[in-house]
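Let's take a walk through a protein together, one region after another.

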Amino acid sequence: MIKGVIFDIDGVVLDSMSIWKDLGARYLISQGVKPEEGLNEILFSMSMEQGAEYAKEHYGLNESVEEILDGIRLMIQSFYFDEVQAKPGAEHLMSFMKENGIKITAATSSPRIHIERALERNGLLGFFEKIFTTSEIGVSKHSPVIYNKAAEFMCLDVGRVLVLEDSLYALKTASDAGYRTVGVYDKDGETDQDGVRETGDLYIRDLNELVDRWDEL
């Protein structure tokens, strides 16, 4: 039944969610400042701009808010360009799909340059026929537009397309739009794993697991 797959990237293909959990602490340490205990929880509900303002005021940083933001963006870029690794089983799963004639695309909320460089460095970029980004489309994953664009590119009806997501809200969006879905566990990702388990047609803790359970789709 499944003829095409849409992969989310962060937390599904790339083990990249950790950067967002300790980004504030990473930046402060790079500036020679010791972060307070519980900083991640303090910054969790803030935008990047609000977090930069908090860091400047709370820690008395000399840099302007914009300079702090530039430093954080550079740190994120460096992480994707040089550090982030693929999730275990990513290459095995995609090789399995290619061998079975299944088309592979991606739908990501991250900047294209970050994703393409990280995938290329990990030897995975060549598996993807096309990568779609929310910034280029102009709509978040609260809408199924990005998935529909990928399905249209693959010339497939939604019922023949599988979406892999680790975030509950995105999984719900794809499921409500008629896609077959797989909820993927990530240790640094979605806190509501029960919701992910209940929403997806399948729930997996490791990408290798999907190869073994493919016949369940």
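Which residue forms a salt bridge with Glu66? Arg73 does, and the closest N and O atoms of the pair are 3.3 Å apart. Before we go on, keep in mind that what you're looking at is a predicted model. As for the idea behind such a pair, side chains of opposite charge can pair when their charged atoms come close. How much of this pair can be reached from outside? Glu66 is partly exposed because its relative accessible area is 43%, and Arg73 is partly exposed too, at 36%.

Have a look at another one, where the side chains of Arg180 and Asp201 meet with 3.7 Å from N to O. Arg180 belongs to strand S5 (residues 180-184), while Asp201 sits in the loop between helix H11 (193-199) and strand S6 (202-204), so this pair ties together parts that are 21 residues apart in sequence. Arg180 has 22% relative accessibility, so it counts as partly exposed. Asp201, with a relative accessible area of 38%, is partly exposed as well.

Glu216 and Arg213 make a salt bridge too, and here the closest N and O atoms are 3.0 Å apart. Glu216 counts as partly exposed at 48% relative accessibility, and so does Arg213 at 22%. Salt bridges can also share partners, and in this model that joins Asp15, Lys21, Lys187 and Asp188 into one network.

Now for some empty space. Rolling a probe the size of a water molecule over the atoms shows where empty space is left. In this model, the largest pocket holds about 1400 Å³ of space. It is lined by 46 residues, and the closest to its centre are Met17, Trp20, Lys21, Phe44 and Met46. Several helices give two or more residues to the lining, among them H1 (18-21), H2 (23-30), H3 (39-43) and H10 (168-176). Which element gives the largest share of the lining? That's H4, with 6 residues. Sort the lining by class and you get 21 nonpolar, 14 polar and 11 charged residues.

Another helix that gives residues to the pocket lining is H5 (65-83). At 1.5 Å a residue, its 19 residues should span 27 Å, and its end C-alpha atoms are 26 Å apart, which agrees. Which residues of H5 are buried? They are Ile68, Leu69, Ile72, Met75, Ile76, Phe79, Tyr80 and Phe81. What covers these buried residues includes H1, H2, H4 and helix H7 (112-121).

Follow that last helix for a moment. Glu116 is in H7, and its relative accessible area of 28% makes it partly exposed. Although Glu116 and Phe81 are 35 residues apart in sequence, their C-alpha atoms are 9.0 Å apart in space. Leaving aside neighbours within four places in sequence, Glu116 is in contact with Leu125 and Ile131.

Next, find Thr105 in strand S2 (residues 103-108). Is Thr105 buried or exposed? It counts as buried because its relative accessibility is 0%. Not counting residues up to four places away in sequence, Thr105 touches Val5, Ile6, Phe7, Phe128, Lys130, Phe132, Ala150, Phe153 and Met154.

Loops can hold buried residues too. Asp8 lies in the loop between strand S1 (4-7) and H1, and at 7% relative accessibility Asp8 counts as buried. Asp8 and Leu164 are 156 residues apart along the chain, yet their C-alpha atoms are separated by 5.9 Å. Beyond its neighbours within four places in sequence, the contacts of Asp8 include Val13, Ala107, Thr108, Lys141 and Leu164.

Finish with Cys155, in the loop between helix H9 (145-154) and strand S4 (161-165). Cys155 is exposed, with a relative accessible area of 68%. Its phi is near 60°, a positive value in a residue other than glycine.

Definitions and conventions
Residues are numbered from 1 along each chain as its sequence is written. This is a predicted model: local features need pLDDT of at least 70, side-chain atom pairs count only at pLDDT 80 or more; totals for chains, interfaces and linings use all residues. Side-chain values use heavy atoms; hydrogens and water are left out. On a 1 Å grid over the protein atoms alone, a cavity is a set of points where a 1.4 Å probe fits but cannot get out, and a pocket is an open set with protein on both sides within 12 Å along at least five of seven lines; lining residues have an atom within 4 Å of a point. Grid points are joined across faces, edges and corners, and a volume is the space filled by probe spheres set on the points. Helices (H or I, at least four residues) and strands (E, at least two) are DSSP runs, numbered from the N terminus. Ala, Val, Leu, Ile, Met, Phe, Trp, Tyr, Cys and Pro count as nonpolar, Asp, Glu, Lys and Arg as charged, and the others, Gly among them, as polar. Buried means under 20% relative accessible area, exposed over 50%, partly exposed in between (1.4 Å probe, protein chains only). Contact means heavy atoms within 4.5 Å. A salt bridge is a side-chain nitrogen of Lys or Arg within 4 Å of a carboxyl oxygen of Asp or Glu. The expected span of a helix is 1.5 Å times one less than its number of residues.
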